[in-house]
Amino acid sequence: MGLIKKVPVYAEHVPGGGFVATQLESVLSHAQACSMWYLLFATACCAIELMCTGASRYDFDRLGMIFRPTPRQADLIIAAGTITKKMAPRLRRLYDQMAEPRYVIAMGGCTIRGGPFYYDSYAVEKGIDHIVPVDIYIPGCPPRPESLLEGCLHLQKKVKAQKLADWHEK
Amino acid sequence: MSEYLAVLIFIFVGAGMVLFTFFLARILRPHNPYPEKNVNYECAELPIGNSWIKFHNRYYIFALIFVIFDVEAVFLFPWAVAFGQVGLYALVEMVIFILILLFGLLYAWKKGVLKWA
């Protein structure tokens, strides 16, 4: 279990093993980056843009982004919308229920710092990075689908650059 | 006999592919269970009680009776739409059909299925 983590360690003792380990790493990271299934977690108006991105004009599927209704099958939470204090523990629970490696995209102003409209509200969480570790921040209110696509491309870059040993750290 | 050998090979290859995939997933995936992760998924709520709850037996009979009337409605709608063309014959047919279903309901009623206690 989790044997893959030790591949780079073993590979050092074999001549040419480093090459094999690096190639394996890049193949696995590429495969992972090109099938990021995201959890439907849409709580406010950013969801409209998220839905628009998923529809035919922007075609999220071509990045390998397919929505899943359960965290067990998801690699990524796109937190689209205001996270209230009441919603925050639920977001954390969903994040906990996902399998590693897992990623979070904070979409829109509300998830980054409480948002432009609700910042003074006592009920709104001032940024979801208080609750879950965030990989990519996408500013906007709400961000256009192009921004979301760019954020996802950045996430793919990040995933492709990661090492096998990082899988467990996420 | 040799034709069945091919079937046997198919069975073994099929099972082997599944086992190989499970094995591959096992060595690839990170393994990190903890209590918060292992809790049942209930749309981010904490589940109340066990998910292996027992449904009352009567529930299935209720569902069965519901299905009878579900199918009846499926037949009734096209019948009602086409009623102007098909005339008296269809009316008699439909009355017989409904009477048969009604008899089923009366039988279930008599048997005490509709009492929930």
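Colleague: At what angle do the axes of helix α3 and helix α6 of chain A cross?
Modeller: In this predicted model, the axes of α3 (residues 46–54) and α6 (residues 145–160) of chain A cross at roughly 75° and come within 9 Å. Axes are lines fitted to C-alpha atoms, for helices over the stretch in contact, with angles from 0 to 180 degrees between N-to-C directions. Helices are DSSP runs (H or I, at least four residues) and strands likewise (E, at least two), numbered from the N terminus. Therefore α3(A) is roughly perpendicular to α6(A) (65 to 115 degrees).

Colleague: Which residues make the contact?
Modeller: E49(A), L50(A), C52(A) and T53(A) of α3(A) meet P145(A), L148(A) and L149(A) of α6(A); contact means heavy atoms within 4.5 Å.

Colleague: What does L148(A) touch, leaving aside neighbours within four places in sequence?
Modeller: Its contacts are L50(A), T53(A), F60(A), I78(A), M107(A) and I138(A).

Colleague: Changing topic, is Q156(A) buried or exposed?
Modeller: Q156(A), in helix α6 of chain A, has 8% relative accessibility and so counts as buried (under 20% relative accessible area, with exposed over 50% and partly exposed in between; 1.4 Å probe, protein chains only).

Colleague: Which backbone oxygen lies 3.0 Å from a polar atom of its side chain?
Modeller: That of A33(A). Beyond neighbours within four places in sequence, Q156(A) is in contact with A33(A), C34(A) and L63(A).

Colleague: What conventions apply?
Modeller: Residues are numbered from 1 along each chain as its sequence is written, and chains are lettered from A and ligands numbered from 1 in the order in which they are written. Local features need pLDDT of at least 70, side-chain atom pairs count only at pLDDT 80 or more, totals for chains, interfaces and linings use all residues, and side-chain values use heavy atoms, leaving out hydrogens and water.

Key:
Parallel < 35°, antiparallel > 145°, perpendicular 65-115°, else oblique. Polar contact = N/O pair within 3.5 Å; in protein donor to acceptor, adjacent residues only side chain to side chain.
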